[in-house]
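Here is a short report for a first look. Start with the sequence and the fold, then read on.

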Amino acid sequence: MNTMRVGLIGYGFSGETFHAPLLQALTEYEIVKVMSRNPQKVAQTLGAVQVVATIEDVLKDETIELVIITTPNTLHYEMAKQSLLAGKHVVIEKPMVIDPEEAEELIQLANEQQLMLSVYQNRRWDNDFLTIKRLIAEDTLGKVNTYEAHFDRFRPHVQDRWREQAVKGAGILYDLGSHLIDQALHLFGKPQFVLADVVAQRDGAKTDDYFHIIMGYGKLRVILHCGSIVAGQGPKFTLHGSKGSFIKYGIDGQEDALKAGKIPTADDWGEDNPECYGTLILHEDEQGVVTKVKTLPGSYTSYYKQVFEHIRYGQPCPVRAEEGLQTIQMIHAALKSSAEKQAVFIDK
């Protein structure tokens with residue numbers, strides 16, 4: 001196996017928590033350069049990896065094949081474009097970019113350069129989402145008519161960080177909304193319409209911290225919800241179908257494990273707390289049969305394994321840039337719907 005040399009652009013929360021530990025855990029990769037303004041922080045977790053000041057310092061290294069961009073959203077487009085023009089495969093932290101036009105340009109450039117352009121949508125490998133995906137694939141619930149996903153938090157005070165500033169690409173819709181929208185598109189494809197309410201609820205908020213989105217697919221309704229002042233949280237996922245329902249509380253623990261410095265190679269990595277196993281209610285002979293469904297293990301490393309297999313062996317890309325574009329289109333549709341207080345219909 002020919003190890004893939006990586007340049008990591010940015011070493012904030014995302015780079016340190018969601019990317020570096022996964023790459024370290026996989027023998028397929030070697031992080032050789034990190035663009036960061038904090039060499040001490042990088043050294044604490046990555047050892048003697050070379051730390052550089054600019055993206056140009058990474059791109060001029062001809063031995064680096066893959067560049068991973070984990071900088072603030074406003075920098076994604078320009079840095080991805082630079083990297084593709086330098087002949088590098090590119091992974092962009094979600095959201096891919098801020099505007100659909102930027103995504104379309106990058107997709108065309110990647111195709112012209114015959115390079116991979118992928119978006120890091122790690123929540124496709126959450127344990128709860130993998131379980132729901134299997135239930136739908138196996139037709140356990142029958143024809144699904146309602147899918148509801150929440151990503152609520154209790155963060156009542158505005159923090160001094162770029163995600164909460166009044167700048168393009170900030171706010172909870174671009175942040176957590178990217179996850180929920182991507183999951184819905186992955187399961188059901190593009191909707192016929194989007195109806196959304198996007199607002200700032202907290203005192204002193206400079207950007208949106210709440211959204212409620214309805215995506216319409218014929219009779220199916222996909223409901224995506226996120227709030228920042230939710231101390232008592234309900235189910236993470238609720239699905240209703242012609243055969244029954246599935247209700248799942250709790251959240252995948254991989255993020256907390258990574259923040260705690262755990263390495264994603266343990267035998268129990270991604271396992272769910274049995275107390276949080278989802279409840280399946282199936283109706284048979286006019287009676288509801290209630291059972292617990294063991295949650296499938298989560299696996300964020302699967303994303304990077306598939307990236308390697310795609311670049312080296314031509315296997316399918318785990319998250320295509322075109323899928324990242326669709327997520328940005330849905331975000332723009334939600335913002336338009338909220339501003340105009342009416343449904344936005346989606347061109348197929």
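This is a predicted model: local features need pLDDT of at least 70, side-chain atom pairs count only at pLDDT 80 or more; totals for chains, interfaces and linings use all residues.

Residues are numbered from 1 along each chain as its sequence is written, and side-chain values use heavy atoms, without hydrogens and water.

**The whole protein**

The protein has 10 helices and 15 strands. These are DSSP runs, with helices (H or I) of at least four residues and strands (E) of at least two, numbered from the N terminus.

| Property | Value |
|---|---|
| C-alpha box along the principal axes | roughly 65 × 50 × 40 Å |
| Residues that count as buried | 55% of 348 residues |

Buried means under 20% relative accessible area, with a 1.4 Å probe and protein chains only. The radius of gyration is 20 Å, which agrees with the value near 20 Å for a compact globule of 348 residues. It is taken over C-alpha atoms, and the globule rule is 2.2 Å times the number of residues to the power 0.38.

**Helix α9**

Helix α9 spans residues 301-313. Its 13 residues reach 18 Å from first C-alpha to last, close to the 18 Å expected at 1.5 Å a residue. That expected span is 1.5 Å times one less than the number of residues.

Which residues of α9 are buried? They are Thr301, Ser302, Tyr303, Tyr304, Val307, Phe308 and Ile311. They pack against α1 (13-25) and several strands: β1 (4-9), β2 (29-35), β4 (66-69), β5 (89-93) and β6 (117-120). Contact here means heavy atoms within 4.5 Å. Gly314 follows α9, with a positive phi near 75 degrees.

Note on methods
Buried means under 20% relative accessible area, exposed over 50%, partly exposed in between (1.4 Å probe, protein chains only).
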